Amino acid sequence: MSWLVLFGAIVCEGAGTLTLKFTDGMTRLWPTVLMFAFYLTSLWGLSVAVVRIPVGIAYAVWSGLGTVLVATVGVLWFKEEISALRVVSTGLVIAGVAGLYLTGTK
């Protein structure tokens with residue numbers, strides 16, 4: 001259950017980061033409110049997950065997969081540039097997260 005909450009927190013963190021694109025420097029009210037709501041929900045989920053998942057692993061998975069999510073959506077939705085180095089670097093983030101997961105947490 002803690003892992004499901006953590007993955008929900010990752011989705012909310014990614015949504016908050018992507019919503020930043022629409023806040024126009026936090027000058028647009030509703031995108032800014034939505035961004036804060038996503039971030040607060042994400043932090044709440046992370047705080048619930050670390051009750052049963054070691055904090056170092058939970059935070060690394062949260063930040064690593066959040067980074068991969070935002071980078072992927074940036075390329076697919078916002079048509080950001082993709083390069084071989086970006087793909088390899090994203091793969092290394094995924095490998096690092098998988099390595100932490102495989103360390104045998106509860």
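**Burial first.** Before looking at any side chain I need my cut-offs: buried means under 20% relative accessible area, exposed means over 50%, and partly exposed is what lies in between, with a 1.4 Å probe and protein chains only. With that I looked up Phe 78, which counts as partly exposed because its relative accessibility is 22%.

**Ground rules.** I noted that this is a predicted model, where local features need pLDDT of at least 70 and side-chain atom pairs count only at pLDDT 80 or more, while totals for chains, interfaces and linings use all residues. Residues are numbered from 1 along each chain as its sequence is written, and side-chain values use heavy atoms, with hydrogens and water left out.

**Overall picture.** I looked up the secondary structure and got four helices and zero strands. Here helices (H or I, at least four residues) and strands (E, at least two) are DSSP runs, numbered from the N terminus. Read from the N terminus, the order is α-α-α-α. The C-alpha trace spans about 45 × 35 × 15 Å along its principal axes. Of the 106 residues, 32% count as buried.

Next I checked the surface. It comes to about 6,700 Å² of accessible area, and 74% of that belongs to carbon and sulfur atoms. The areas come from the Shrake-Rupley method with a 1.4 Å probe, and for residues only the protein chains shown count as cover.

Then contacts, meaning heavy atoms within 4.5 Å. Among contacts between residues at least 6 apart in sequence, 64% join residues at least 24 apart.

**Charges.** I found 6 positive and 4 negative side chains, with the centres of the two sets 11 Å apart. Lys and Arg count as positive, Asp and Glu as negative, and His and the chain ends are not counted. The place of a charge is NZ of Lys, CZ of Arg, CG of Asp or CD of Glu.

**Aromatic rings.** How many aromatic pairs does the structure hold? I got five. My rule: rings of Phe, Tyr and Trp (its six-membered ring) pair if their centres lie within 6.5 Å, and planes under 30 degrees apart are stacked, over 60 edge-to-face, the rest tilted.

Phe 22 has 35% relative accessibility, so it counts as partly exposed.

Tyr 59 and Trp 62 make another tilted pair, 5.5 Å centre to centre with 40° between the planes. Why about one helical turn between Tyr 59 and Trp 62? Because they are three residues apart in helix H3. Is Trp 62 buried or exposed? Buried, because its relative accessibility is 11%. Tyr 59, at 48%, counts as partly exposed.

I also noted that Phe 22, Trp 77 and Phe 78 form one aromatic cluster. Lys 21 lies over the face of Phe 78, at 5.3 Å from the ring centre. For a charge to sit over a ring, NZ of Lys or CZ of Arg must be within 6 Å of the ring centre and within 35 degrees of the ring normal.

Thr 19 is in helix H1 and is buried, with a relative accessible area of 8%. Leaving out residues up to four places away in sequence, Thr 19 touches Pro 31, Leu 34, Met 35 and Phe 38. Val 5 is in helix H1 as well, and 22% relative accessibility makes it partly exposed. With the same exclusion, Val 5 touches Gly 45, Val 48 and Ala 49. Its C-alpha atom is 24 Å from that of Pro 31, 26 residues along the chain.

Which residues did I flag? Met 26, in the loop between H1 and H2, has a positive phi of about 60° although it is not a glycine. Lys 79, in the loop between H3 and H4, has a positive phi of about 55°, and it is not a glycine either. Met 26 is partly exposed at 45%, whereas Lys 79 is exposed at 65%.
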